[in-house]
Amino acid sequence: MTDLVASITAGDVTVAGVLAAEALKSAAASRRRSIEIEVRTAEGVLNPLGQTQISGAKALLLIGPGKADDPRFSGIPQVTATVGDVLADAGAVLDRVGEGAGGTDAPARKIVAITSCPTGIAHTFMAAEGITQAAAALGFVVRVETQGSVGAQNTLTDAEIAEADVVLIAADKQVELSRFAGKRVFQSGTKAAINDGKALINRALAEAALQEGSTAKKAAGGSAAGKVGPYKHLMTGVSFMLPFITAGGLLIALAFALGGIYAYDPAQSSPLAYALFQIGGKSAFVLIVPALAGYIAFSIADRPGIAPGMIGGMLASNLGAGFLGGIAAGFIAGYGTAWFNRHIKLHRNLEGLKPVLILPLLGSLLTGLLMIFLVGTPVANLLAFLTEWLKGMQGTSAVLLGLLIGGMMAFDMGGPVNKAAYAFSTGLLASQIYTPMAAAMAAGMTPPLALALATRLFPGRFTHDEREASGAAGILGLAFITEGAIPFAARDPFRVIPANMAGSAVAGAISMVVGVELKVPHGGVFVLPIPNAVTHLGLYVVALAAGTAVSALALGLLKKPIQDGVV
């Protein structure tokens, strides 16, 4: 009786399909397992599987882009792989079937994972928890490395990586993949891990493909989940930029607290205040745009892109193009350097010169010339217009911008729309425009605070689990971690999300109208007592309280009472 059957879809690449079939036969023989294989080519099917062969099989290997719903294989456990996987290591593909076809218990799958998000706070650890719980439910062994705001924790060892069946990357920013060369890698965002960890793990096992080379930037064999687009590159740059803004903003605030409004003038301030201003305003803030551009380029082109990106970012600052110019410089440097890397072919003895000499030189030359002669001046004019418009905002204009930022911050609570509003607000800090940042933080704090309040005001509209979780949500809200509202929104999105957006929009609008300025990009209420970190503190608290109250009342109106016995 045949243990295994395999269907290889080779398409126009007949030779590769035949070679894959032979590799599987050889690997099966070495493991004392029987296998029957058909190869589907553009010219027809070689050795088509009959019903007798299929009915006796205990597992199916589906190699290539074949139909997973082929009625011939109904009811047979399936393992999918690519032709490249088989040619690289046919034995490993067979081992993924386990020993179930041979009559013994299959060994537990081993998974290693990395989770990361731009701010490295909530989504990073929620995704890790989702993967851990899903793997346990599926009976798999998992180790998750979190790359959070304080660096990598629970770091994967070389031995763990070597033993893993698949590497799962659940990240909203670029993750270094060189240590996974030769492993099957699958990339996704954190949202998939948070919402349905089991489905994500199953997709990873089915769709992951070999990570090639020490500096390859792709995973998942080109699957939609594995592609890295401009949004993730931008978020990578933002995540590396944030520490410069935080450190610089707080140091500037302390300088003004100690030396008054003339802390920048050594003749009129104390030596300590002047020193703090030099560190924060003249050093940390100067590096904001270069860091943004450099790490956008790094996300696209790996290490060779850092120097061109940072040089382009410094030019953007010097030309007055600010964070908009930094974004442009980062993408020019990244894609330009990556293009040079793909198209410049050198003798293998000279390949070592590319990452340290040729690529940084050509990338910097391309980025610098484009920034100086083509991109820099128009972007600087655009930023100047935007700056004057934002500084002159009063009345209706300020309300509209506050409503927009607030609604975006609450719409997906840490997702792409939220991050777009946050990136816009933090980017303006480099141009000394602080009102959007204040609106964004008030709006981001509102959803979890409102939910915590609503569970107290309207307990009958929340489950027992939600009421238990409300305390943690409130603490997360105070710390400006909007993701604390996600569990509530996931259970009842069509009522919770509109209610959250209403309150956040109110908080953002009030903050903008009264002209609150916030000089740090994160921290929630814990940065408010720092002198000069926020202006109009009393009115800012009013904006936050008003937004929280609006969302809490809206939740009470929109959510239905929980039926008896439902917890």
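**Notebook: salt bridges, packing and confidence**

I began with Lys559, which is buried, and Asp492 is buried as well. Salt bridges with shared partners join Asp492, Arg495 and Lys559 into one network. For the pair Lys559 and Asp492, I read 3.1 Å between the closest N and O atoms. I note here that the model is predicted.

**Other salt bridges**

I looked up the total next. The count comes to eight salt bridges.

I then went to Glu145. Its salt bridge partner is Arg179, with the closest N and O atoms 2.8 Å apart. This pair also links distant parts of the chain: Glu145 is in strand S7 (residues 141–148), while Arg179 is in the loop between strand S9 (166–171) and strand S10 (184–188), 34 residues apart. Is Glu145 buried or exposed? Glu145 counts as buried because its relative accessibility is 2%, under the 20% cut-off. Arg179 has 32% relative accessibility, so I list Arg179 as partly exposed.

I checked a pair within one helix too. Lys25 and Glu22 meet in a salt bridge at 3.9 Å, N to O. Both lie in helix H1 (residues 14–30), three residues apart, which is about one turn of the helix. Lys25 is partly exposed at 37% relative accessibility. Glu22 is partly exposed at 44%.

**Packing around Ala507**

I moved to Ala507 in helix H20 (residues 493–513). With 0% relative accessibility, Ala507 counts as buried. Which residues does Ala507 touch, leaving out those up to four places away in sequence? I found Ala442, Ala443, Thr446, Ala543 and Gly547. The C-alpha atoms of Ala507 and Ala543 are 4.8 Å apart, although 36 residues separate the two along the chain.

**A nonpolar surface patch**

I looked for nonpolar side chains on the surface. Leu319, Leu365, Leu369, Ile372, Phe373 and Leu374 form a patch there, with about 610 Å² of accessible area together. Leu365 belongs to helix H14 (residues 353–391). Leu365 is partly exposed, at 48% relative accessibility.

**Whole chain**

I counted 21 helices and 11 strands in the protein chain. The domain assignment gives domain 1 (4–96), domain 2 (110–211), domain 3 (230–391) and domain 4 (396–558). The centres of domain 1 and domain 3, taken over C-alpha atoms, are 51 Å apart. The C-alpha trace spans about 90 × 75 × 40 Å along its principal axes. Of the 567 residues, 51% count as buried. The accessible surface is about 24400 Å², and carbon and sulfur atoms make up 63% of that. Among contacts with a separation of 6 or more, 70% are between residues 24 or more positions apart.

**Confidence**

The chain mean is 83, and 91% of residues reach 70 or more. Residues 99–106 are one of them, with 13 contacts in the model beyond near neighbours in sequence. Residues 214–227 also stay under 50, with 37 contacts beyond four places in sequence. Where pLDDT is low, the predicted coordinates should not be read in detail.

Technical notes: Residues are numbered from 1 along each chain as its sequence is written. This is a predicted model: local features need pLDDT of at least 70, side-chain atom pairs count only at pLDDT 80 or more; totals for chains, interfaces and linings use all residues. Side-chain values use heavy atoms; hydrogens and water are left out. Domain bounds come from an automatic or database domain assignment. Patches are made of residues with over 30% relative accessible area and no salt bridge: like charges are joined within 9 Å, nonpolar side chains (Val, Leu, Ile, Met, Phe, Trp, Tyr) within 5 Å. Accessible areas come from the Shrake-Rupley method with a 1.4 Å probe; for residues, only the protein chains shown count as cover. A salt bridge is a side-chain nitrogen of Lys or Arg within 4 Å of a carboxyl oxygen of Asp or Glu. Helices (H or I, at least four residues) and strands (E, at least two) are DSSP runs, numbered from the N terminus. Buried means under 20% relative accessible area, exposed over 50%, partly exposed in between (1.4 Å probe, protein chains only). pLDDT is the predictor's confidence in each residue, from 0 to 100. Contact means heavy atoms within 4.5 Å.
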